[in-house]
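Subject: Structure handover

Hello,

Here is the structure I promised you. Please open it first, then read my notes below.

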Amino acid sequence: MSLQLCPVIMAGGTGSRLWPLSRQLNPKQFLPLTDDRSMLQATLGRLEGIPHAEPILICNEQHRFLAAEQVRQLGRSPDILLEPVGRNTAPAIALAALHALDREEDPMLLVLAADHLIQRVDMFHQAIEAALPLAEAGRLVTFGIVPTHAEIGYGYIQRGANLEPQGFEVARFVEKPDRQTAQEYVASEAYFWNSGMFLFRASRYLDELQRHAPEILASCRQALEEGHRDLDFIRIGTKAFKECPDVSIDYAVMEKTDSAAMIPLNAGWSDIGSWSALWDVSDKDVDNNVLHGDVLAEATSHTLVHADHRLVATVGVENLVVVETKDAVLVAHKDKVQDVKRIVDQLKGTGRSEHFSHREVYRPWGVYDSVDNGVRYQVKRITVKPGAKLSVQMHHHRAEHWVVVSGTAKVTNGDKSYLVAENESTFIPIGQVHALENPGRIPLELIEVQSGSYLGEDDIVRFEDRYGRS
(Lines give C-alpha, C1' and ligand atoms only; values in the text may rest on other atoms or scores of the structure.)
Protein backbone atom coordinates (compact mmCIF):
# COMPACT_ATOMS: atom_id res chain seq x y z
CA MET A 1 0.00 0.00 0.00
CA SER A 2 1.42 3.36 -0.99
CA LEU A 3 -0.77 5.41 1.32
CA GLN A 4 -0.28 5.52 5.09
CA LEU A 5 -3.42 4.98 7.13
CA CYS A 6 -4.43 6.24 10.55
CA PRO A 7 -6.22 3.36 12.32
CA VAL A 8 -9.06 4.34 14.65
CA ILE A 9 -9.89 1.57 17.10
CA MET A 10 -13.16 1.82 18.99
CA ALA A 11 -12.90 -0.05 22.28
CA GLY A 12 -16.18 0.90 23.91
CA GLY A 13 -19.12 -1.33 24.79
CA THR A 14 -19.78 -3.83 27.56
CA GLY A 15 -20.27 -7.13 25.68
CA SER A 16 -23.19 -8.06 27.92
CA ARG A 17 -24.18 -11.10 25.81
CA LEU A 18 -20.86 -12.71 26.80
CA TRP A 19 -21.66 -12.49 30.51
CA PRO A 20 -20.42 -13.82 32.93
CA LEU A 21 -16.96 -13.62 31.36
CA SER A 22 -17.52 -10.10 30.03
CA ARG A 23 -18.34 -7.50 32.68
CA GLN A 24 -18.77 -3.74 32.62
CA LEU A 25 -15.31 -3.17 34.13
CA ASN A 26 -13.65 -5.84 31.97
CA PRO A 27 -15.65 -6.22 28.73
CA LYS A 28 -14.99 -8.61 25.87
CA GLN A 29 -12.60 -6.38 23.91
CA PHE A 30 -10.08 -6.78 26.73
CA LEU A 31 -10.51 -10.57 27.04
CA PRO A 32 -8.54 -13.36 25.30
CA LEU A 33 -11.48 -15.15 23.69
CA THR A 34 -9.90 -16.82 20.64
CA ASP A 35 -6.18 -17.03 21.50
CA ASP A 36 -3.69 -15.78 24.07
CA ARG A 37 -4.16 -12.16 23.03
CA SER A 38 -7.08 -9.99 24.00
CA MET A 39 -9.45 -8.93 21.22
CA LEU A 40 -7.93 -5.43 21.35
CA GLN A 41 -4.41 -6.81 21.03
CA ALA A 42 -5.46 -9.01 18.10
CA THR A 43 -6.97 -5.97 16.37
CA LEU A 44 -3.69 -4.08 16.75
CA GLY A 45 -1.78 -7.16 15.61
CA ARG A 46 -3.60 -7.46 12.29
CA LEU A 47 -2.41 -3.98 11.34
CA GLU A 48 1.08 -5.42 10.82
CA GLY A 49 1.94 -5.31 7.13
CA ILE A 50 -0.10 -2.15 6.50
CA PRO A 51 1.76 1.19 6.39
CA HIS A 52 0.04 3.06 9.19
CA ALA A 53 0.49 5.82 11.70
CA GLU A 54 0.25 5.16 15.43
CA PRO A 55 -3.44 4.31 16.03
CA ILE A 56 -6.01 6.39 17.84
CA LEU A 57 -7.75 4.31 20.50
CA ILE A 58 -11.12 5.37 21.90
CA CYS A 59 -12.40 3.84 25.13
CA ASN A 60 -14.42 4.65 28.22
CA GLU A 61 -12.45 6.31 30.97
CA GLN A 62 -13.21 3.46 33.38
CA HIS A 63 -11.19 1.15 31.07
CA ARG A 64 -8.24 3.51 30.63
CA PHE A 65 -5.65 1.60 32.64
CA LEU A 66 -6.74 -1.76 31.22
CA ALA A 67 -6.39 -0.42 27.67
CA ALA A 68 -3.06 1.27 28.39
CA GLU A 69 -1.56 -1.88 29.90
CA GLN A 70 -2.63 -4.05 26.98
CA VAL A 71 -1.15 -1.74 24.34
CA ARG A 72 2.01 -1.37 26.47
CA GLN A 73 2.44 -5.14 26.38
CA LEU A 74 2.61 -4.88 22.57
CA GLY A 75 5.13 -2.05 22.68
CA ARG A 76 2.60 0.36 21.18
CA SER A 77 1.88 3.94 22.26
CA PRO A 78 -1.38 5.05 20.60
CA ASP A 79 -3.20 8.22 21.47
CA ILE A 80 -5.97 7.12 23.85
CA LEU A 81 -9.10 9.28 23.85
CA LEU A 82 -11.26 8.81 26.94
CA GLU A 83 -15.03 9.07 26.69
CA PRO A 84 -16.64 10.07 30.02
CA VAL A 85 -19.88 8.41 28.83
CA GLY A 86 -20.77 6.22 25.87
CA ARG A 87 -22.33 8.10 22.97
CA ASN A 88 -22.20 5.47 20.20
CA THR A 89 -20.02 5.34 17.10
CA ALA A 90 -20.79 8.60 15.25
CA PRO A 91 -19.43 10.83 18.06
CA ALA A 92 -16.53 8.48 18.78
CA ILE A 93 -15.36 8.62 15.16
CA ALA A 94 -15.87 12.39 15.10
CA LEU A 95 -13.53 12.76 18.08
CA ALA A 96 -10.94 10.61 16.32
CA ALA A 97 -11.27 12.53 13.04
CA LEU A 98 -10.88 15.91 14.75
CA HIS A 99 -7.90 14.68 16.74
CA ALA A 100 -6.32 13.12 13.65
CA LEU A 101 -6.60 16.41 11.74
CA ASP A 102 -4.78 18.15 14.59
CA ARG A 103 -2.08 15.50 14.43
CA GLU A 104 -1.49 15.32 10.67
CA GLU A 105 -2.80 16.64 7.35
CA ASP A 106 -6.16 15.07 6.46
CA PRO A 107 -5.27 11.41 7.06
CA MET A 108 -7.13 8.40 5.73
CA LEU A 109 -8.97 6.83 8.70
CA LEU A 110 -9.31 3.07 8.95
CA VAL A 111 -12.09 2.65 11.52
CA LEU A 112 -12.12 -0.70 13.33
CA ALA A 113 -13.87 -2.21 16.33
CA ALA A 114 -11.63 -3.66 19.03
CA ASP A 115 -13.80 -6.74 19.55
CA HIS A 116 -13.93 -8.33 16.08
CA LEU A 117 -12.34 -11.55 14.89
CA ILE A 118 -10.77 -11.71 11.41
CA GLN A 119 -9.25 -15.09 10.68
CA ARG A 120 -7.78 -14.37 7.22
CA VAL A 121 -5.69 -11.26 7.68
CA ASP A 122 -4.38 -11.41 4.09
CA MET A 123 -7.93 -11.05 2.73
CA PHE A 124 -8.53 -8.19 5.15
CA HIS A 125 -5.47 -6.38 3.81
CA GLN A 126 -6.59 -6.97 0.23
CA ALA A 127 -10.00 -5.46 1.01
CA ILE A 128 -8.34 -2.36 2.45
CA GLU A 129 -6.20 -2.09 -0.70
CA ALA A 130 -9.36 -2.31 -2.83
CA ALA A 131 -11.09 0.37 -0.72
CA LEU A 132 -8.30 2.94 -0.93
CA PRO A 133 -9.06 4.30 -4.46
CA LEU A 134 -12.71 4.81 -3.51
CA ALA A 135 -11.79 6.59 -0.29
CA GLU A 136 -9.23 8.75 -2.11
CA ALA A 137 -12.01 9.75 -4.50
CA GLY A 138 -14.10 11.02 -1.59
CA ARG A 139 -16.22 7.95 -0.88
CA LEU A 140 -17.12 6.80 2.64
CA VAL A 141 -16.31 3.12 2.34
CA THR A 142 -17.72 0.38 4.52
CA PHE A 143 -16.79 -3.30 4.43
CA GLY A 144 -19.66 -5.70 3.79
CA ILE A 145 -19.14 -9.23 5.06
CA VAL A 146 -20.00 -12.00 2.60
CA PRO A 147 -22.61 -13.93 4.63
CA THR A 148 -22.07 -17.61 5.39
CA HIS A 149 -25.56 -18.22 6.79
CA ALA A 150 -28.85 -16.47 7.55
CA GLU A 151 -27.76 -14.54 10.64
CA ILE A 152 -30.43 -12.59 12.53
CA GLY A 153 -27.98 -10.92 14.92
CA TYR A 154 -26.44 -8.59 12.32
CA GLY A 155 -27.65 -5.68 10.25
CA TYR A 156 -27.29 -6.00 6.47
CA ILE A 157 -26.10 -3.85 3.56
CA GLN A 158 -27.73 -4.13 0.14
CA ARG A 159 -25.28 -3.57 -2.67
CA GLY A 160 -26.04 -1.11 -5.45
CA ALA A 161 -24.35 -0.32 -8.75
CA ASN A 162 -20.78 -1.41 -9.49
CA LEU A 163 -18.00 1.07 -8.80
CA GLU A 164 -14.63 1.13 -10.51
CA PRO A 165 -12.08 -0.26 -9.93
CA GLN A 166 -13.76 -2.44 -7.30
CA GLY A 167 -16.73 -2.24 -4.99
CA PHE A 168 -20.34 -1.14 -5.05
CA GLU A 169 -22.54 1.75 -4.20
CA VAL A 170 -24.65 1.17 -1.10
CA ALA A 171 -28.31 0.75 -1.99
CA ARG A 172 -29.48 0.71 1.63
CA PHE A 173 -28.73 -0.39 5.17
CA VAL A 174 -31.29 -2.65 6.84
CA GLU A 175 -31.86 -3.57 10.48
CA LYS A 176 -31.45 -7.03 11.96
CA PRO A 177 -34.01 -9.17 10.08
CA ASP A 178 -36.21 -12.05 11.16
CA ARG A 179 -35.16 -15.57 10.14
CA GLN A 180 -37.17 -15.77 6.91
CA THR A 181 -36.00 -12.34 5.73
CA ALA A 182 -32.38 -13.22 6.52
CA GLN A 183 -32.70 -16.39 4.44
CA GLU A 184 -34.06 -14.34 1.54
CA TYR A 185 -31.19 -11.87 1.85
CA VAL A 186 -28.55 -14.60 1.75
CA ALA A 187 -30.22 -16.41 -1.17
CA SER A 188 -30.29 -13.18 -3.22
CA GLU A 189 -26.50 -12.72 -2.92
CA ALA A 190 -27.16 -8.97 -2.93
CA TYR A 191 -26.92 -8.48 0.83
CA PHE A 192 -23.89 -8.43 3.10
CA TRP A 193 -23.45 -8.33 6.86
CA ASN A 194 -22.78 -4.87 8.22
CA SER A 195 -19.28 -5.07 9.73
CA GLY A 196 -19.12 -1.60 11.26
CA MET A 197 -15.65 -1.06 9.72
CA PHE A 198 -14.92 1.94 7.51
CA LEU A 199 -12.30 3.73 5.44
CA PHE A 200 -12.50 7.44 4.56
CA ARG A 201 -10.61 10.70 4.81
CA ALA A 202 -11.06 12.52 8.11
CA SER A 203 -12.27 15.66 6.33
CA ARG A 204 -14.87 13.76 4.28
CA TYR A 205 -16.42 12.20 7.36
CA LEU A 206 -16.58 15.57 9.12
CA ASP A 207 -18.08 17.21 6.01
CA GLU A 208 -20.86 14.60 5.90
CA LEU A 209 -21.38 14.84 9.65
CA GLN A 210 -21.72 18.63 9.37
CA ARG A 211 -24.28 18.13 6.60
CA HIS A 212 -26.41 15.45 8.26
CA ALA A 213 -25.77 15.72 12.04
CA PRO A 214 -24.18 19.09 12.82
CA GLU A 215 -25.10 18.92 16.51
CA ILE A 216 -22.81 15.89 16.92
CA LEU A 217 -19.89 17.67 15.32
CA ALA A 218 -20.43 20.79 17.42
CA SER A 219 -20.54 18.81 20.66
CA CYS A 220 -17.39 16.87 19.77
CA ARG A 221 -15.47 20.02 18.82
CA GLN A 222 -16.41 21.59 22.13
CA ALA A 223 -15.54 18.45 24.06
CA LEU A 224 -12.07 18.30 22.54
CA GLU A 225 -11.48 22.01 23.14
CA GLU A 226 -12.39 21.53 26.80
CA GLY A 227 -10.21 18.43 27.09
CA HIS A 228 -6.70 17.99 28.44
CA ARG A 229 -3.90 15.46 28.61
CA ASP A 230 -3.77 13.24 31.69
CA LEU A 231 -0.74 10.93 31.87
CA ASP A 232 -0.96 8.81 28.69
CA PHE A 233 -4.56 9.79 27.99
CA ILE A 234 -6.54 12.58 26.36
CA ARG A 235 -9.57 13.44 28.44
CA ILE A 236 -12.38 15.22 26.64
CA GLY A 237 -14.81 17.71 28.14
CA THR A 238 -17.46 15.88 30.14
CA LYS A 239 -20.26 18.44 29.97
CA ALA A 240 -20.09 18.96 26.21
CA PHE A 241 -19.85 15.26 25.45
CA LYS A 242 -22.75 14.33 27.71
CA GLU A 243 -24.89 16.72 25.67
CA CYS A 244 -23.89 15.00 22.42
CA PRO A 245 -26.60 12.85 20.75
CA ASP A 246 -26.19 9.10 21.17
CA VAL A 247 -26.21 7.99 17.52
CA SER A 248 -24.44 5.37 15.42
CA ILE A 249 -22.48 6.30 12.31
CA ASP A 250 -25.02 4.38 10.22
CA TYR A 251 -27.95 6.51 11.41
CA ALA A 252 -26.03 9.79 11.51
CA VAL A 253 -24.15 9.58 8.20
CA MET A 254 -24.01 6.35 6.20
CA GLU A 255 -27.76 5.99 5.63
CA LYS A 256 -28.05 9.63 4.51
CA THR A 257 -24.94 10.33 2.45
CA ASP A 258 -24.85 9.86 -1.31
CA SER A 259 -21.14 8.96 -1.06
CA ALA A 260 -21.44 5.57 0.65
CA ALA A 261 -19.57 2.69 -0.97
CA MET A 262 -19.02 -0.95 -0.02
CA ILE A 263 -16.15 -3.38 -0.47
CA PRO A 264 -17.04 -7.08 0.02
CA LEU A 265 -14.95 -8.86 2.66
CA ASN A 266 -14.67 -12.64 2.93
CA ALA A 267 -12.06 -13.08 5.63
CA GLY A 268 -13.54 -15.23 8.40
CA TRP A 269 -15.07 -12.24 10.20
CA SER A 270 -17.17 -12.37 13.37
CA ASP A 271 -18.05 -9.80 16.00
CA ILE A 272 -18.27 -12.66 18.55
CA GLY A 273 -21.45 -11.10 19.86
CA SER A 274 -22.64 -14.19 21.71
CA TRP A 275 -21.48 -17.51 23.11
CA SER A 276 -22.87 -19.35 20.10
CA ALA A 277 -20.80 -17.08 17.83
CA LEU A 278 -17.69 -18.01 19.82
CA TRP A 279 -18.59 -21.70 19.45
CA ASP A 280 -18.95 -21.16 15.69
CA VAL A 281 -15.41 -19.81 15.24
CA SER A 282 -13.59 -22.04 17.74
CA ASP A 283 -11.78 -25.33 17.15
CA LYS A 284 -13.96 -28.29 18.15
CA ASP A 285 -13.32 -31.85 19.30
CA VAL A 286 -14.74 -34.97 17.65
CA ASP A 287 -18.10 -34.37 19.37
CA ASN A 288 -18.25 -30.75 18.19
CA ASN A 289 -17.53 -29.46 21.67
CA VAL A 290 -15.49 -26.37 22.53
CA LEU A 291 -13.89 -27.02 25.93
CA HIS A 292 -11.77 -24.48 27.81
CA GLY A 293 -10.21 -25.09 31.20
CA ASP A 294 -10.66 -28.03 33.57
CA VAL A 295 -13.57 -29.82 31.86
CA LEU A 296 -14.76 -33.44 31.83
CA ALA A 297 -17.38 -34.13 29.17
CA GLU A 298 -19.28 -37.43 29.00
CA ALA A 299 -21.90 -38.08 26.31
CA THR A 300 -21.77 -34.37 25.49
CA SER A 301 -22.00 -32.84 22.01
CA HIS A 302 -22.26 -29.46 20.25
CA THR A 303 -21.57 -27.76 23.57
CA LEU A 304 -19.30 -24.95 24.75
CA VAL A 305 -17.86 -25.23 28.27
CA HIS A 306 -15.63 -22.47 29.65
CA ALA A 307 -14.20 -23.27 33.09
CA ASP A 308 -12.11 -20.53 34.64
CA HIS A 309 -11.38 -21.69 38.19
CA ARG A 310 -12.73 -25.16 38.95
CA LEU A 311 -13.64 -28.50 37.45
CA VAL A 312 -16.81 -28.46 35.34
CA ALA A 313 -18.33 -31.82 34.33
CA THR A 314 -21.15 -32.41 31.84
CA VAL A 315 -23.07 -35.65 31.28
CA GLY A 316 -25.63 -36.40 28.59
CA VAL A 317 -26.16 -32.88 27.28
CA GLU A 318 -26.02 -31.21 23.88
CA ASN A 319 -26.29 -27.73 22.41
CA LEU A 320 -25.50 -26.04 25.71
CA VAL A 321 -23.27 -23.18 26.83
CA VAL A 322 -21.77 -23.55 30.30
CA VAL A 323 -19.53 -20.75 31.58
CA GLU A 324 -17.95 -20.80 35.05
CA THR A 325 -16.19 -17.87 36.73
CA LYS A 326 -15.23 -17.30 40.36
CA ASP A 327 -18.55 -15.68 41.23
CA ALA A 328 -21.09 -16.87 38.64
CA VAL A 329 -22.13 -19.83 36.46
CA LEU A 330 -24.14 -19.56 33.25
CA VAL A 331 -26.05 -22.50 31.74
CA ALA A 332 -27.89 -21.69 28.52
CA HIS A 333 -29.19 -23.41 25.42
CA LYS A 334 -27.05 -22.45 22.43
CA ASP A 335 -30.13 -21.22 20.55
CA LYS A 336 -31.04 -18.81 23.38
CA VAL A 337 -27.70 -17.13 24.14
CA GLN A 338 -28.87 -13.84 22.59
CA ASP A 339 -31.05 -13.54 25.70
CA VAL A 340 -28.13 -13.57 28.15
CA LYS A 341 -28.43 -9.79 28.13
CA ARG A 342 -31.74 -10.21 29.96
CA ILE A 343 -29.88 -11.79 32.88
CA VAL A 344 -27.53 -8.80 32.92
CA ASP A 345 -30.56 -6.50 32.99
CA GLN A 346 -31.96 -8.45 35.95
CA LEU A 347 -28.65 -8.10 37.81
CA LYS A 348 -28.69 -4.35 37.22
CA GLY A 349 -32.33 -4.06 38.21
CA THR A 350 -31.82 -5.82 41.54
CA GLY A 351 -28.70 -3.84 42.44
CA ARG A 352 -26.29 -6.78 42.26
CA SER A 353 -22.65 -6.33 41.31
CA GLU A 354 -22.02 -9.40 39.13
CA HIS A 355 -22.77 -7.48 35.91
CA PHE A 356 -20.30 -4.75 36.84
CA SER A 357 -17.10 -6.48 37.89
CA HIS A 358 -15.51 -9.85 38.48
CA ARG A 359 -14.38 -11.01 41.87
CA GLU A 360 -10.97 -10.05 40.51
CA VAL A 361 -10.74 -6.31 39.87
CA TYR A 362 -7.91 -4.75 37.85
CA ARG A 363 -6.28 -1.52 38.98
CA PRO A 364 -3.39 0.46 37.47
CA TRP A 365 -1.10 -0.88 40.20
CA GLY A 366 -2.18 -4.54 39.89
CA VAL A 367 -5.24 -6.58 40.85
CA TYR A 368 -7.27 -7.62 43.89
CA ASP A 369 -9.45 -10.70 44.41
CA SER A 370 -12.29 -10.54 46.94
CA VAL A 371 -11.78 -13.96 48.52
CA ASP A 372 -14.40 -13.81 51.29
CA ASN A 373 -16.74 -11.36 53.01
CA GLY A 374 -19.33 -11.23 55.74
CA VAL A 375 -20.80 -8.91 58.34
CA ARG A 376 -18.08 -6.37 59.27
CA TYR A 377 -15.22 -8.17 57.50
CA GLN A 378 -13.78 -8.72 54.03
CA VAL A 379 -10.74 -10.67 52.82
CA LYS A 380 -8.81 -9.77 49.66
CA ARG A 381 -5.78 -11.19 47.91
CA ILE A 382 -3.82 -8.24 46.54
CA THR A 383 -1.12 -8.36 43.85
CA VAL A 384 0.99 -5.24 43.30
CA LYS A 385 3.16 -4.96 40.19
CA PRO A 386 6.92 -4.32 40.62
CA GLY A 387 7.54 -0.61 41.17
CA ALA A 388 3.83 0.17 41.59
CA LYS A 389 2.29 2.07 44.48
CA LEU A 390 -1.27 2.38 45.76
CA SER A 391 -2.52 5.85 46.62
CA VAL A 392 -1.75 7.57 49.92
CA GLN A 393 -5.14 7.21 51.58
CA MET A 394 -7.21 6.70 54.71
CA HIS A 395 -10.53 5.07 55.64
CA HIS A 396 -13.18 6.42 58.02
CA HIS A 397 -14.88 3.10 58.79
CA ARG A 398 -12.42 0.22 58.49
CA ALA A 399 -9.10 -1.06 59.76
CA GLU A 400 -6.83 -3.32 57.70
CA HIS A 401 -4.47 -6.20 58.48
CA TRP A 402 -1.87 -6.98 55.80
CA VAL A 403 -0.04 -10.32 55.62
CA VAL A 404 2.70 -10.55 52.96
CA VAL A 405 2.64 -13.87 51.07
CA SER A 406 5.48 -13.20 48.62
CA GLY A 407 7.71 -10.28 47.77
CA THR A 408 8.42 -7.28 49.97
CA ALA A 409 6.05 -4.45 50.85
CA LYS A 410 7.03 -0.90 51.60
CA VAL A 411 4.41 0.42 54.03
CA THR A 412 3.61 3.98 55.01
CA ASN A 413 1.66 3.89 58.27
CA GLY A 414 1.04 7.35 59.67
CA ASP A 415 4.43 9.04 60.09
CA LYS A 416 6.33 5.72 59.87
CA SER A 417 7.70 3.98 56.78
CA TYR A 418 9.03 0.41 56.89
CA LEU A 419 9.46 -2.85 54.96
CA VAL A 420 7.31 -5.96 55.50
CA ALA A 421 8.83 -9.22 54.20
CA GLU A 422 7.26 -12.61 53.40
CA ASN A 423 5.32 -14.18 56.30
CA GLU A 424 5.27 -10.87 58.16
CA SER A 425 2.26 -8.65 58.81
CA THR A 426 1.23 -5.13 59.77
CA PHE A 427 -1.90 -3.35 60.99
CA ILE A 428 -3.51 -0.12 59.68
CA PRO A 429 -5.91 1.44 62.24
CA ILE A 430 -9.14 3.24 61.32
CA GLY A 431 -8.42 6.81 60.23
CA GLN A 432 -4.70 6.25 59.72
CA VAL A 433 -3.10 7.75 56.59
CA HIS A 434 -1.29 4.92 54.83
CA ALA A 435 0.15 3.64 51.56
CA LEU A 436 1.39 0.36 50.08
CA GLU A 437 4.23 0.06 47.57
CA ASN A 438 6.16 -2.73 45.86
CA PRO A 439 9.84 -1.67 45.79
CA GLY A 440 11.00 -5.03 44.45
CA ARG A 441 11.45 -6.70 41.08
CA ILE A 442 8.83 -9.45 41.55
CA PRO A 443 5.07 -9.11 42.15
CA LEU A 444 4.06 -8.40 45.73
CA GLU A 445 1.25 -10.64 46.99
CA LEU A 446 -0.50 -10.12 50.29
CA ILE A 447 -3.69 -10.99 52.11
CA GLU A 448 -5.70 -8.01 53.32
CA VAL A 449 -8.30 -8.49 56.05
CA GLN A 450 -10.64 -5.51 56.42
CA SER A 451 -12.83 -5.07 59.47
CA GLY A 452 -15.26 -2.30 60.35
CA SER A 453 -18.77 -0.95 60.10
CA TYR A 454 -18.55 -0.11 56.37
CA LEU A 455 -16.33 -1.82 53.80
CA GLY A 456 -17.32 -0.17 50.50
CA GLU A 457 -14.71 0.90 47.95
CA ASP A 458 -16.00 4.48 48.25
CA ASP A 459 -14.62 4.73 51.80
CA ILE A 460 -11.29 5.94 50.44
CA VAL A 461 -9.94 9.44 50.99
CA ARG A 462 -6.98 9.87 48.61
CA PHE A 463 -4.25 12.39 49.44
CA GLU A 464 -1.81 11.48 46.68
CA ASP A 465 -2.14 9.22 43.64
CA ARG A 466 0.37 8.73 40.87
CA TYR A 467 -2.42 7.55 38.52
CA GLY A 468 -4.45 10.74 38.72
CA ARG A 469 -7.44 9.27 40.57
CA SER A 470 -9.42 11.48 42.91
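**A four-stranded sheet**

Four strands make up an open sheet, ordered β14-β16-β18-β19, with mixed pairing. Strands here are DSSP E runs of at least two residues, helices are H or I runs of at least four, and both are numbered from the N terminus. Two strands pair if DSSP finds at least two bridges between them. The edges are β14 (290–292) and β19 (329–333), and each of these pairs on one side only. On average, neighbouring strands of the sheet are turned by 5 degrees against each other, direction ignored. The angles are taken between axes, which are lines fitted to C-alpha atoms (for helices over the stretch in contact), and run from 0 to 180 degrees between N-to-C directions.

Inside the sheet, β16 (residues 304–307) and β18 (residues 320–324) run parallel and are joined by four bridges. H306 has V323 in β18 as its bridge partner.

Before you go on, note that this is a predicted model, where local features need pLDDT of at least 70, side-chain atom pairs count only at pLDDT 80 or more, and totals for chains, interfaces and linings use all residues. Residues are numbered from 1 along each chain as its sequence is written, and side-chain values use heavy atoms, with hydrogens and water left out.

**Two cores**

The largest nonpolar core has 68 residues, and F143, L199 and L436 have the most contacts inside it. Helix α4 (residues 121–136) gives the most to this core: eight residues. Apart from it lies another core, of 46 residues, including F198 and M254. A nonpolar core is a set of buried Ala, Val, Leu, Ile, Met, Phe, Trp, Tyr and Cys residues joined through side-chain atoms within 4.5 Å. Buried means under 20% relative accessible area, exposed over 50%, and partly exposed in between (1.4 Å probe, protein chains only).

L140 lies in strand β6 (residues 140–145). L140 is buried, at a relative accessible area of 0%. Leaving aside neighbours within four places in sequence, L140 is in contact with residues including L199, F200, Y205 and M254. Contact means heavy atoms within 4.5 Å.

Strand β28 (residues 434–437) is covered on both faces. H434 and L436 are buried on one side, A435 and E437 on the other. Strand β25 (residues 409–413) runs antiparallel to β28, with four bridges between them. V411 has L436 as its bridge partner in β28.

**Helix α2**

Seven of the ten residues of α2 are buried, so the helix is largely enclosed by the rest of the structure. Its buried residues pack against α1 (39–45), β2 (56–60), β3 (79–83), β11 (233–235) and β20 (360–363). Just after α2, G75 takes a positive phi of about 75 degrees.

**Rings**

How many aromatic pairs does the structure hold? There are nine aromatic pairs. Rings of Phe, Tyr and Trp (its six-membered ring) pair if their centres lie within 6.5 Å; planes under 30 degrees apart count as stacked, over 60 as edge-to-face and the rest as tilted.

F65 and Y467 form an edge-to-face pair, 5.9 Å centre to centre with 75 degrees between the planes. F65 lies in helix α2 (residues 64–73) and Y467 in the segment after β30 (461–464), so the pair ties together parts that are 402 residues apart in sequence. F65 and Y467 are buried. The centres of the W193 and W269 rings are 6.4 Å apart and the planes are at 50 degrees, so this pair is tilted. Both W193 and W269 are buried. F65, F233 and Y467 form one aromatic cluster.

W279 is worth a look. The charged end of K284 sits over the W279 ring, 4.6 Å from its centre. K334 lies over the face of W279, at 4.0 Å from the ring centre. A charge sits over a ring if NZ of Lys or CZ of Arg is within 6 Å of the ring centre and within 35 degrees of the ring normal.

**Backbone points**

Most residues other than glycine have a negative phi, and most peptide bonds are trans. A cis peptide bond joins W19 and P20, with omega about 10 degrees. The bond from E164 to P165 is also cis, with omega near 0 degrees. E189 is not a glycine, yet has a positive phi of about 60 degrees. E189 counts as exposed, at 60% relative accessibility.

Best wishes
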